[in-house]
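Open the model in your viewer and keep the selection panel at hand. Each stop below names what to select, then what is there.

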Amino acid sequence: MDEFLASFTYGHAGFTAVSALIKIVFLMLALGPGIASILTWLERRQSAMMQDRLGPNRANIGPFKGWGIFHFLADALKFMFKEDFVPPRAHKFLFALAPVLALAPALIVAAIIPFGAPLCWGQVFEKVPLGACQQPVDLQIAHMDVGVLFYFAISSLSVYGATLAGWASYNKWALMGGMRASSQMMSYEVTMGMAVLAMFLLFGTLEPGAMVAQQGPWPWQWGIWGIPHFVSFVLFLTAAIAETKRTPFDIPEGEPEIIGYFVEYSGLRFGMFFLGEFIEIVFSSGLMVSIFLGGWHVPGEVWLALHLPNIAIVGMTFGFWLVKVFMFCSFQLLIRWSLPRFRSDQLMQLGWQRLLPVSIANVLFTAGWILYSSSK
Amino acid sequence: MAIGVKIVARPGSFQQQMYLPAIAEGLGVTFKHFIKNWFGNMTGNRDKTDIVTLAYPEEKRAYPERHRGLHRLMLRDDGQVRCVACMMCPTVCPAHCITIVPEETVDGRIEKRPKLFEIDELRCVVCGLCAEACPCDAIRMDTLDHAKPVYRRTDAILDKEELMSRGEKSIATQGGVGAFWREKVAGEPQTPAAGDVVPAGAPHGTVATKTL
């Protein structure tokens, strides 16, 4: 019995398992879907403000209106009460599986994203200088040396969700949407990988936590500054938007012509696609913030760590990370509501003939630069 | 004829084909609008924003002054209904939406009055002929309001009390001025003088009868 309890002290398996479980529940089940839900409202409200409209501002709980932020609750409620229609000739099992395959990868990629400074176990109410912690609990679900490659591996699985949804619906338009989704996502993953390859050369690691640690607290110490860094950022952002299948790359959904791979979905099944798309935005923003925008670093954190208890520092870094992610999500919404969409062939042309050569050139340039500067 | 491929020249400089400058410019435009509207809306300065939305039940755009809307029955000085049940309006009404049941008055000075005066706003085509036909300024359509939505069709039939509830005292003289009206209104301008601005929504004869 004592042995069992001892396994829950710091550094033992039980402690690691419980802390990982708490982090998983917090990040994947509460924070990710939470921000994504708010984004569904923010998207409509922000786009309205961009287009000189007011947007949804009515939903309220009693007298509390909160600028209409409760619209996402109303939307969820609506999804629950809608008819769950399955086309008669659809493949029942795959039809049910597809939304799960679309939503799950979006959640799983959160595992590698660091979302705050390490918590100092046993010294949470003491002032601990940064890096001097004896028993750190990292605010990151999994430390994996493959890091960003894990992100690619998992996020590319979500193409199965789109393709299966298109195929299992027994609908020509859905099938076309699914085909477009698979071709688009595979094309842009290549660019995405190349963009990260350059950052891998620069940081010397693929682990997002280590990437964050190499960046500084002040904005000019972030990973975005520098020619290969910035080119990588633009390429990665473009590819990430293409991966989330949103305007200007919403060819698979193609609202004006084919409704897309989820044309036959209704109710909560459609809600899973919908939420999955927004969760993808949240966590791809989280990853880009980690690689390019300084992660959870707070300006002046070295001084603050000497004057504030550890728990406050952790809270501040988490809050700052959250603000950065939220701003970046908002920036993605800005792009989505500003740019016109590509045609399907233009999309392929951009992906293979423009972005891929540029990303390969970027990798070569970065490698040459590192070789040159290290040989001096 | 063989199928040929026509190569269309894509115009545009390298800078244009880079997309990025144009994208940055476009993002700037939308972001400027967003910031302006957002701050204006948050601080309650809606007039400084570009927002054109009208939050309808709370904010309403006023109808123009000559708008034909919901009917009303005008009142005499003693508060009684001005209508003399002459049956002009139900006669002229193309939609047959006015129902009048006349009755004799007690005092006998004015012979008739409506016992029942009902307008079915669902049948009404809002042509305004009833107000044109009325000889004694009893029925008007100048409430600057529209027929309210109702749950039951019978609720759209407005009775005399409801029509009178929006009524006011008319400034027209009940029964007219009489045979020698030219002498009685002598010295009053009969038509607006040049340059006099008559309000668009003013009832007919405002200028001629205002001192009587």
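Helices (H or I, at least four residues) and strands (E, at least two) are DSSP runs here, numbered from the N terminus. This is a predicted model: local features need pLDDT of at least 70, side-chain atom pairs count only at pLDDT 80 or more, and totals for chains, interfaces and linings use all residues. Residues are numbered from 1 along each chain as its sequence is written, while chains are lettered from A and ligands numbered from 1 in the order in which they are written.

**Stop 1: chain B as a whole**

Select chain B. Its secondary structure comes to 7 helices and 5 strands. Along the sequence they run α-α-β-α-β-β-α-β-β-α-α-α. Of the 212 residues in chain B, 16% are buried (20 or more other C-beta atoms within 10 Å of the residue's own; exposed means 12 or fewer, partly exposed in between; C-beta atoms are placed from the backbone). Now consider contacts (C-beta atoms, placed from the backbone, within 7 Å). Among those in chain B with a separation of 6 or more, 63% join residues 24 or more positions apart.

**Stop 2: the sheet in chain B**

Which strands form the open sheet of chain B, and in what order? Three strands do, ordered β2-β3-β5, with antiparallel pairing. Strands pair if DSSP finds at least two bridges between them. The edges are β2 (98-104) and β5 (157-158) of chain B, each pairing on one side only. Zoom in on β2(B) and β3(B) (residues 112-120): their antiparallel pairing covers 7 bridges. Then pick B:Glu104; opposite stands B:Lys112 in β3(B).

**Stop 3: helix α2 of chain B**

Select residues 20-42 of chain B. This is helix α2(B), with 23 residues. From first C-alpha to last, α2(B) reaches 32 Å, close to the expected 33 Å (1.5 Å times one less than the number of residues). Its buried residues are B:Phe34, B:Asn37 and B:Asn41. Show chain A too: α2 (13-50) of chain A is included in what covers them. After α2(B) comes B:Gly44, with a positive phi near 80°.

**Stop 4: helix α13 of chain A**

Move to residues 344-375 of chain A. Helix α13(A) has 32 residues and should span 46 Å at 1.5 Å a residue; its end C-alpha atoms lie 45 Å apart, so the two agree. Where does α13(A) bend? At A:Leu355, by about 35° (the angle between axes fitted to the seven residues ending there and the seven starting there). A proline, A:Pro357, follows within four residues. Buried residues of α13(A) include A:Leu347, A:Leu350, A:Gly351 and A:Leu355. The cover over the buried residues of α13(A) includes α7 (172-203) and α9 (227-243) of chain A.

Conventions
Two residues are in contact if their C-beta atoms, placed from the backbone, lie within 7 Å.
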